[in-house]
Amino acid sequence: MFVPLAQSLVFGLLVGALYGLAAVGLSLVFGVTKFLNVAHGELLMLGGYASFWAFTLRGVDPFLTLPLTMVFLLVIGVVLYKLLFAHMVKLTEEAKIQNTLLVGFGLSLILQNVALRLWTADTRGITTSYSRMAFTFLGVRFPIVRVASLGIALIALFALDLFLRRTYTGKALRATVENWEAATLMGIDIQRVYLLSFVMGAALAGAAGCLVSVGYSIDPGMGMSWTLKGLIVMVLGGLGSFMGTFVGGIVLGVTESATGYFLTLTYREVVGLVLFILVLVFRPQGLFGTKER
Amino acid sequence: MGRKQVIFIALLIAILVLLPVVVKKDNIINLALLVLLYICLASSWNILGGYTGQTNLGHAAFFGLGALSTRFLWMSGWSLLPSVLAGGLLAVAFALLIGIPAFRLRGVYFAIGTLALAQILYITVGNVFSDISSLRPQDLATYQLVPRYYFFLVLALLITGTTYLLVNSKLGLGMMAVREEEEAAESLGVSALKHKLLALSISAFFAGLSGGAFAYYHVGYYPRFPFSPEWTFDSMMMVYIGGAGTIIGPIIGALFFVVVRELLALKLVELHLIVFGILFILVVLFLPGGFVEAWKKMQAAFARRSKERGVKVSFQTTDD
């Protein structure tokens, strides 16, 4: 009884870290720019394929390509921002959310089908020489790849936190979250802040995608389910707190695996969505957020 | 409506009615039927999404519920029309059930909330009804495409006609007021919640009926298929590309969608979705009124140019 339950909860925790990482990127972009980029899951997919091909064609270890994948997604982020999202900076907040949702949706359709065309619908994953290695604690298995992913997700989170708290640019970002009009009056270049947060979100998606391709699997259609997970976690955690978002990811992962354990695996996806709607209706500020004003 | 428009519409309806009489090829009738199906879906989405300004990403849920219940009732011996009607009513019941909590969510949260709801239904229906749903042997033996085509034609006319009446009524004006500026509408005594719920119910009712027609039309499919998010996304794209918040927009969008898809499907299966994705983005960014707006702009530019020329001519004559 204990070991199988603990095992599934541990797996939930480990995958939850990746949900958290995906959601932190989404939430960073949404918090600063009010862009709801629903193509975030597709950016994650691109990151996954980048490290998959680097490993398959060149034999480069996925943990080594992680920074490269992030840079790659950063460049894609710049292109997408300049091409599409820069047009929507000046809209009112509500129109901005609405239009970025629609543009992001169109973008996800394009990226998904381009990926399908280039790389077929096959499910892929990276199998390294150490992929099957795991250590056991109290009878519970901890696959080292997934534990390493949790560690990397935490490092990325702390680096982000440090950047936002300690650097001038980070403070500019946080100021924009608080009140963009006041931030502009203080001489903060809002266009630069928007661009920066957008590409940082893309880079985080790239990192998450890379980790997903090592510990789990990727396919061209994975984007929507990852975007939904990101949205669920973003709402669970509440806006404005990246730690809350990350914890929200772990809550979602553990809830999913507990559902898989106590009910059936087929309802794993449903429970997150139900939780999401309940939180939206009854606690819009998120489980860990505080009410505005 | 001007006299020209009435004649044009009457002519169009006559062509659609006569189509199966003139054309005997099943694949052409099937294509026309698909256009009508998408007109039904897009036009019903447009009532809430285009006229009332609430982006519903869960339209497939209503379509699916209509298909599911119609198929079930029809197969268990009910006659067709009551089954389809029941499908529409079930969709409305579901819409009302979710509408009140969903409309507590503003703007984007409504969109994501409805998407989540539709996904819940999609997965759950797939789990509960995992077997393929096929027509009974006696239905298969007598299966004919033409009555299905007329069924969809009547439905498309019903939805378009209702939209026309609605838009020109007080209710329709209230819906558009809510879309433009909710606070202002409320301050003038237009209840936003009432108008949104009404638009959602009408939209869901028609989507449910379309689902019923789909259950009547389709020979064999997995029960979760009509719940698939593509139905929502395709409808939404058709509405935007054609022209959101217009009557003709979804019709043009649906026709364009099916024709382009058929043309491109010969070459590459996925290509049409890439094309639609690009067009959709371009419309959202640069041409919020879709094809309808583009057409109006072109007409206006044309009228201006001929006017300018007219002025020039008269100027020259007076000069002489």
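A word on terms before the first helix pair: an axis here is a line fitted to C-alpha atoms, over the stretch in contact for helices, and the angle is taken between N-to-C directions. The model on the screen is predicted.

Start in chain A, with α9(A), residues 223-237, and α11(A), residues 268-282. Their axes come within 9 Å and cross at roughly 40°. Angles under 35 degrees would count as roughly parallel, and this pair is therefore oblique. The crossing is left-handed.

Which residues of α9(A) meet α11(A)? From α9(A) they are Lys229(A), Ile232(A), Val235(A) and Leu236(A). Facing them in α11(A) are Gly272(A), Leu273(A), Leu275(A), Phe276(A), Val279(A) and Leu280(A). By class, that contact has 8 nonpolar residues, 1 polar and 1 charged.

Now a pair in chain B. Helix α11(B) covers residues 229-242, and its partner α13(B) covers 271-286. Here the axes come within 9 Å and cross at roughly 50°. These two helices are therefore oblique as well, and α11(B) passes α13(B) in a left-handed crossing.

On the α11(B) side, the residues in the contact are Met237(B), Tyr240(B) and Ile241(B). They meet Phe276(B), Leu279(B), Phe280(B), Val283(B) and Val284(B) of α13(B). The contact divides into 8 nonpolar residues, with no polar and no charged ones.

α13(B) turns up again where the two chains touch. The contact between them takes 30 residues from chain A and 26 residues from chain B. On the chain B side, α13(B) and α5(B), residues 108-128, each supply at least two residues. Which element gives the largest share of that side? It is α5(B), with 12 residues. Sorted by class, the chain B side has 17 nonpolar, 7 polar and 2 charged residues.

Last, back to chain A and helix α6(A), residues 168-178. Ala172(A), Leu173(A) and Thr176(A) are buried there.

What do the buried residues of α6(A) pack against? There are four helices of chain A to point out: α1 (2-33), α5 (144-166), α7 (180-185) and α8 (190-215).

Conventions:
Residues are numbered from 1 along each chain as its sequence is written. Chains are lettered from A and ligands numbered from 1 in the order in which they are written. This is a predicted model: local features need pLDDT of at least 70, side-chain atom pairs count only at pLDDT 80 or more; totals for chains, interfaces and linings use all residues. Two residues are in contact if their C-beta atoms, placed from the backbone, lie within 7 Å. Ala, Val, Leu, Ile, Met, Phe, Trp, Tyr, Cys and Pro count as nonpolar, Asp, Glu, Lys and Arg as charged, and the others, Gly among them, as polar. A residue is buried if 20 or more other C-beta atoms lie within 10 Å of its own, exposed if 12 or fewer, and partly exposed in between; C-beta atoms are placed from the backbone. Axes are lines fitted to C-alpha atoms, for helices over the stretch in contact, and angles run from 0 to 180 degrees between N-to-C directions. Angles under 35 degrees count as roughly parallel, over 145 as roughly antiparallel, 65 to 115 as roughly perpendicular and the rest as oblique. A crossing is left-handed if the near helix is turned anticlockwise from the far one by less than a right angle, and right-handed if clockwise.
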